[in-house]
Amino acid sequence: MAMFVKQISVSLDNTPGTFLNVSDCLGAEGINIRAISVADTSDISTVRFVPDDPQKTITVLKSKGYSVKETDVVAVEIPDHPGALQAVLKPLKEAEINVLYLYPYLGRGESGQPIVI
């Protein structure tokens, strides 16, 4: 099963506690992060995540001065066995769709299988 979900991205200074501030803002508003990926350079970290309430997340982060980007991404259930990721990657290759990043969803789909973003 595949579905589109909203991913939120923020670029943060790569210093201790910076992402904690974002997490505090979201937690105080009752926003739950369901999937997350952090990629860093020496100066900046890009945090990509799927929250349970994307619109509220955008509003909260913008009100705190963060620059926020919203992107549609695909959430796909994959069987939990060796080689199962091929079932997702092969059709993407055939459709000439490039995978820019991939990260796990914190939970399981309706069938009980893992989900990747």
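Throughout this report, a residue counts as buried under 20% relative accessible area, as exposed over 50%, and as partly exposed in between (1.4 Å probe, protein chains only). The model is predicted, so local features need pLDDT of at least 70 and side-chain atom pairs count only at pLDDT 80 or more, while totals for chains, interfaces and linings use all residues. Residues are numbered from 1 along each chain as its sequence is written, and side-chain values use heavy atoms, with hydrogens and water left out.

**Overall layout**

The chain has three helices and six strands, taken as DSSP runs numbered from the N terminus (helices are H or I of at least four residues, strands are E of at least two). In sequence order the pattern reads β-α-β-β-α-β-α-β-β. The C-alpha trace spans about 40 × 30 × 20 Å along its principal axes. Of the 117 residues in the chain, 34% are buried. Contact here means heavy atoms within 4.5 Å; among contacts between residues at least 6 apart in sequence, 68% join residues at least 24 apart.

**The inside**

In soluble globular proteins, nonpolar side chains tend to be buried together. A nonpolar core is a set of buried Ala, Val, Leu, Ile, Met, Phe, Trp, Tyr and Cys residues joined through side-chain atoms within 4.5 Å. The largest one has 15 residues, and Val10, Leu26, Phe49, Leu61 and Val68 have the most contacts inside it. Strand S1 (2–13), helix H1 (18–28), S3 and helix H2 (54–63) each give two or more residues to this core. Apart from it lies another core of eight residues, among them Val5, Tyr103, Ile115 and Ile117.

Helix H2 has Pro54, Thr57, Ile58, Val60 and Leu61 as its buried residues, and these pack against S1, H1, S3 and strand S4 (68–77). Just after H2, Gly65 takes a positive phi of about 90°.

**Charged residues**

Where does Arg48 sit? Arg48 is found in strand S3 (residues 44–51). Arg48 is buried yet has no salt bridge, and the nearest side chain of opposite charge, Asp40, is 10 Å away. Leaving out residues up to four places away in sequence, Arg48 touches several others, including Gln7, Ser9, Ser37, Tyr101 and Tyr103.

A salt bridge is a side-chain nitrogen of Lys or Arg within 4 Å of a carboxyl oxygen of Asp or Glu, and by this rule the count comes to one. The side chains of Asp72 and Lys6 form it, at 2.7 Å from N to O. Asp72 lies in strand S4 and Lys6 in strand S1, 66 residues apart, and the pair links distant parts of the chain.

**The outside**

The table gathers residues by relative accessibility.

| Residue | Relative accessibility | Class |
|---|---|---|
| Glu96 | 75% | exposed |
| Asp72 | 47% | partly exposed |
| Val99 | 36% | partly exposed |
| Lys6 | 33% | partly exposed |

Glu96 lies in the loop between H3 and S5, and its phi is near 60°, a positive value in a residue other than glycine. Val99 is in the loop between helix H3 (86–94) and strand S5 (104–108). With Leu85, Leu89 and Leu102, Val99 forms a nonpolar surface patch of about 270 Å² accessible area together. Patches are made of residues with over 30% relative accessible area and no salt bridge, joining like charges within 9 Å and nonpolar side chains (Val, Leu, Ile, Met, Phe, Trp, Tyr) within 5 Å. Accessible areas come from the Shrake-Rupley method with a 1.4 Å probe; for residues, only the protein chains shown count as cover.

How values were computed
Lys, Arg positive; Asp, Glu negative; His and termini not counted.
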